[in-house]
Amino acid sequence: MSYTAEAFQNEYLALGASEVNAIVTVTSTGGEGGRRTGGATEIIIVDASGSMQAEGRIGAARQAAKAAVECLDDGVNFAIIAGVSTAQQLFPAPGQLAVASPESRAAAAQSIDRLQANGGTAMGAWLLLAAQLFAQRPGDIKHAILLTDGDNGERYGYLDSVLEQIKEQFICDCRGVGANWKVAELRKIADKMLGTVDIVARPTELTAAFQQMITAAMGKTSADVQLKVWTPVNASVRFVKQVEPQVADLTGKRVEDGPRAGRYPLGSWGQESRDYHICVDVPAGASGDEMLAARVHIMEGDTEHARGLIRAVWTDDTALSTRINRQVAHYTGQAELADAIQAGLAAREAGDDRTATIKLGRAAQLAHASGNKATEELLAKVVEIEDPVTGTVRLRRKVAAEDEMALDTRSTKTVRVGRGQ
């Protein structure tokens, strides 16, 4: 793969200012004709608890799992886990991985047809089994799908301890079907495992959702890309956040790499582009002073693929120092949008209508101003937007649970700022 790292910022700071912000766009292209240079392993975890009998969910899940297997490239290692009160490997034999081929796909389909809904929900156990299977394939691009329709039933704290043990070992995309699962629970898993969370409102939509996730996973060609940030003496990183295609705070995932550098995991990559907001604290300078605030490196192991520079220049020219960089302003607004939605929905659930109205009104204003039409449409199902420019809204009294959960799960999805504007 070939990578570039391009920094967008207003490097001019007012006298006394010590905060430097930049948006770094990382783009990967070409390389080996878009083919994987190593192996890949895929694990599909299907909730088979008793509640999956409702609304035809288990039948739809069977069809979705079979469709996902059909999307696997030949040669990809894979397994199917039936999620009940324990983790049961449905295919292939326990402790083993299959290699995708016409024969193994047909055998997997037969096993999936035997999947029945009967049992509890133990997400920690499911994920732990997946991690044990993935451990057989060091160096592979590792991706899992976790589908559930309910709350985790394990003892308090067990899922957290498992996630701490296996965090970032593989990518896990989480999907909830129906409206009886907890967004916060799946978001916690997705955050620890560098994945995504979303609702599949109707069982009939499961097949398309699974096909989309597997197709995206098959497009990954690099297993473990990292963002390395170096800062000079007396400077420090305040935060690193992915801000496009969705908001994800990477700050707490930092691993030290030498005296003044740290690495942040970016997961597996194909031919794509993502944006990151990096904020650095530096000692304030005098007028005319310049410094390198940070150096950004795109790494795979010891191999550096690209680098970018973040600068700071102090000036007493207010026309320069007050100029707002469009990329930084846009993504700061997108991060605030996600926070406002989640705070507004939490207030609504707690019965605090005033706070909910204020927060969701601010969200409507931000979504409209940034051109995030998808989020604006989701908001309109929860509030009546009277004036999107001022953020004037009224709470809807009757809101479908699925609409509220869709707004919550997709609150972190962002739109890219127009570079040419």
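Arg 397 is exposed, its relative accessible area being 66%; here buried means under 20% relative accessible area, exposed over 50% and partly exposed in between, with a 1.4 Å probe and protein chains only. The model is a predicted one, in which local features need pLDDT of at least 70 and side-chain atom pairs count only at pLDDT 80 or more, while totals for chains, interfaces and linings use all residues. Residues are numbered from 1 along each chain as its sequence is written, and side-chain values use heavy atoms, with hydrogens and water left out.

Arg 397 forms a salt bridge with Asp 353, with 3.2 Å between the closest N and O atoms. A salt bridge is a side-chain nitrogen of Lys or Arg within 4 Å of a carboxyl oxygen of Asp or Glu. This pair links distant parts of the chain, 44 residues apart: Arg 397 is in the loop between β20 (392-395) and α11 (401-409), and Asp 353 is in helix α9 (residues 353-370). Helices (H or I, at least four residues) and strands (E, at least two) are DSSP runs, numbered from the N terminus. Asp 353 is partly exposed, at 30% relative accessibility.

A salt bridge also joins the side chains of Glu 384 and Arg 396, at 4.0 Å from N to O. Because Glu 384 lies in strand β19 (residues 383-387) and Arg 396 in the loop between β20 and α11, the pair ties together parts 12 residues apart in sequence. Glu 384 is partly exposed, with a relative accessible area of 29%, and Arg 396 is partly exposed with a value of 29%. Through shared partners, salt bridges join Glu 384, Glu 386, Arg 394 and Arg 396 into one network.

Glu 256 and Arg 254 form another salt bridge, their closest N and O atoms 2.8 Å apart. Glu 256 is exposed at 53% relative accessibility, whereas Arg 254 is partly exposed at 26%. The count of salt bridges comes to 33.

Charges also meet rings. The charged end of Lys 241 sits over the ring of Phe 239, 4.6 Å from its centre, and that of Arg 295 sits over the ring of Trp 230, at 4.4 Å. The rule asks for NZ of Lys or CZ of Arg within 6 Å of the ring centre and within 35 degrees of the ring normal.

Next comes the largest pocket, which holds about 1,200 Å³ of space. Of its 47 lining residues, Leu 194, Gly 195, Thr 196, Gln 242 and Gln 246 are the closest to its centre. On a 1 Å grid over the protein atoms alone, a pocket is an open set of points where a 1.4 Å probe fits, with protein on both sides within 12 Å along at least five of seven lines, and lining residues have an atom within 4 Å of a point. Helix α6 (residues 206-218) gives the most to this lining, with 6 residues.

Leu 194 has a positive phi of about 55° although it is not a glycine. Its place is in the loop between α5 (183-192) and β10 (197-200), and Leu 194 is partly exposed, at 23%. Glu 168 has a positive phi as well, near 65°, and lies in the loop between α4 (158-166) and β9 (171-177). Most residues other than glycine have a negative phi, and most peptide bonds are trans. The peptide bond from Phe 91 to Pro 92 is cis, with omega near -10°, and the bond from Glu 244 to Pro 245 is cis with omega near 15°.

Conventions: Grid points are joined across faces, edges and corners, and a volume is the space filled by probe spheres set on the points.
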